[in-house]
Amino acid sequence: MWDSLPPEILLDIIIRLPIKSIITCTSVCKTWKSLIQNPSFISDHLRHSTTKYDHPLLLFRLCSKKVVLGIGGPVWFKDEKEFYALHWDNQNFNEYNRFDDFPFHAQCRRGIFRVVGTCNGLVCLVDDFGCYSHNFILWNPCLRKFVQLPKPNIKFRKHLTYIPSFGFGFDTKTNDYKVVRIMTFRDRDNLGVGESPLKVEVGVEIYSLATGEWKTLTAVPPTGTEFYGHPHASINGALHWVAFRRTKDDKFLEFVSVLNLEDEVFREIALPKLGINGNRLPTFISAYGNSLALFQKVSMDPLSIWLMEEYGNASSWTKIVTFVDQGPRRNKPQVKGFRKSGEAILLMTNGKLVSRGLETQEIKDLGMAGSYNTFVDSYVESLVLLDKANHAVTY
């Protein structure tokens, strides 16, 4: 009976199955395997996955030990382990799936990877916590498929100091997944009295999953632009980082640096005046639906969240909420992400993860413990990488 069905009817049935069942179908016969691994079906399945659920999924990266914040920054444990879990983003917040068998522990120098971001079922990882590393991995945990990226082109050894920033997103024009690596270099310069002793230079390179190669951009941000090395926001086919330049009077001008993944050109969006009494501590950015949110993690001021009500319109930045029940410096909740409902996911000082309404300020205990390195992002199951063999490189 199955053999008599037209391919389009067969695929319309298979596309509605759970991921594990679809993987099983690839073992039925060569014809089914060829149909399911076809890039067109993989794209159709992705579109189906993004619309079939009333409640989306949230991906959590959790760690086996609580990383301690010391004077010089995080204190790492070499035997640290990480695991990933999917939860329904609904009222009950039930666990949907869990990935305890993280396959890359042996490759990590500091015990855990930095999660750059997620996109269409892929998780982008880089091993750079507390050390220089060129180990990048694109991983689909639902398929247990991965691609290890080749070594990047831009080196740091000739420079005094460097700050790496990363981004990950999807180019809809070329149907390609791209990893962006930005290196902010600082070097001593022989300047006059009163001028900055450091010369700033930015290098940018982009990895394309379609070509399997890194390329260096020639059109980089304007001279003097510096990136903090903080997490980025990926929305509307572009990547966003908070960056800054020093003014002539040695003040900091912060803004959002935006890289369009189609034309690979940078532009800038102005920021609102965030600080209280002139306080301009590093600002963090996050995706909020199809727009942007801003907040500061560490400050003597209460935690405020700003939203861009109209994407791309700098005049639409609006302060939505200020959480006044904050503790002292370094002891306040941290924003880890946002739910589809708009509630912020916070890591509390007691290690609990909660969601909090921006307007109602109602707090809901999520029944999970987090830590400094907890990562949260929206997630969709996909077949991306199903048509590729696991690919690891050796150096």
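I'll begin with a cluster: ring pairs link Tyr 84, Phe 102, Phe 104, Phe 113, Trp 139 and Phe 146. Please keep in mind that this is a predicted model.

The protein has 395 residues, and 51% of them count as buried. It contains four helices and 27 strands.

A pair of aromatic rings is described by two things, the distance of the centres and the angle of the planes. With ring centres required to lie within 6.5 Å, the count comes to 20 aromatic pairs. One of them is Phe 102 with Phe 104, an edge-to-face pair at 5.3 Å centre to centre, with 85° between the planes. Are these two residues, Phe 102 and Phe 104, buried or exposed? Both are buried. Phe 102 and Phe 104 also belong to the cluster I started with.

Next, Phe 136 and Phe 166. Why is this pair called edge-to-face? The ring planes stand at 75°, and edge-to-face applies to angles over 60 degrees, so the pair falls in that class; the ring centres are 5.5 Å apart. Where do the two residues sit in the chain? Phe 136 is in strand β8, residues 136–140, while Phe 166 is in strand β10, residues 161–171. They are 30 residues apart, and the pair links distant parts of the chain. Phe 136 and Phe 166 are both buried.

Now to a sheet. As a reminder, strands of a sheet pair through backbone hydrogen bonds, either parallel or antiparallel. The sheet I want to show is open and has four strands, in the order β23-β24-β25-β26, and the pairing is antiparallel. Which strands are at the edges? They are β23, 334–338, and β26, 363–369, each of which pairs on one side only. On average, neighbouring strands of this sheet are turned by 30° against each other, with direction ignored.

Within that sheet, look at β24, residues 344–347, and β25, residues 352–356. These strands run antiparallel and are joined by four bridges.

Notes
Residues are numbered from 1 along each chain as its sequence is written. This is a predicted model: local features need pLDDT of at least 70, side-chain atom pairs count only at pLDDT 80 or more; totals for chains, interfaces and linings use all residues. Side-chain values use heavy atoms; hydrogens and water are left out. Rings of Phe, Tyr and Trp (its six-membered ring) pair if their centres lie within 6.5 Å; planes under 30 degrees apart count as stacked, over 60 as edge-to-face and the rest as tilted. Buried means under 20% relative accessible area, exposed over 50%, partly exposed in between (1.4 Å probe, protein chains only). Two strands pair if DSSP finds at least two bridges between them. Axes are lines fitted to C-alpha atoms, for helices over the stretch in contact, and angles run from 0 to 180 degrees between N-to-C directions.
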